[in-house]
Amino acid sequence: MITQDMAFAAYLVRRGHKISNVIRQGRRVSWAFEITDSELSEAEAEWPSCQESKFFNTYQTLKNQIRKV
């Protein structure tokens, strides 16, 4: 599985999944993970309501507020 979402990638690492490859294409970075389909489905289902996601969303909100000042 490959993702460009840094927050979700960090969540997967925190859950114990290993990064198998880091892919850089210009300014874009993607992370490839060693994860089964069932583990991915579970992580995707839990992601929106987990504390890590809530923290990241709050961080993004604050960051956007700074840009508006």
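Trp47 is buried, at a relative accessible area of 13%; buried means under 20%, exposed over 50% and partly exposed in between, using a 1.4 Å probe and protein chains only. This is a predicted model, where local features need pLDDT of at least 70, side-chain atom pairs count only at pLDDT 80 or more, and totals for chains, interfaces and linings use all residues. Residues are numbered from 1 along each chain as its sequence is written, and side-chain values use heavy atoms, with hydrogens and water left out.

Now for the rings. Rings of Phe, Tyr and Trp (its six-membered ring) pair if their centres lie within 6.5 Å, and planes under 30 degrees apart count as stacked, over 60 as edge-to-face and the rest as tilted. By this rule there are three aromatic pairs. Take Phe8 and Tyr11: their ring centres sit 6.2 Å apart with planes at 35°, so this pair is tilted. Both belong to helix H1 (residues 6-14), and being three residues apart there puts about one helical turn between Phe8 and Tyr11. Helices (H or I, at least four residues) are DSSP runs numbered from the N terminus. Phe8 is buried at 8% relative accessible area, and Tyr11 is buried too, at 6%.

Phe8 also meets Trp47: the ring centres are 5.7 Å apart and the planes at 70°, so that pair is edge-to-face. Phe8 is in helix H1 while Trp47 is in the loop between helix H2 (37-46) and helix H3 (51-68), so the pair ties together parts 39 residues apart in sequence. Put together, ring pairs link Phe8, Tyr11 and Trp47 into a cluster.

Definitions and conventions
Helices (H or I, at least four residues) and strands (E, at least two) are DSSP runs, numbered from the N terminus.
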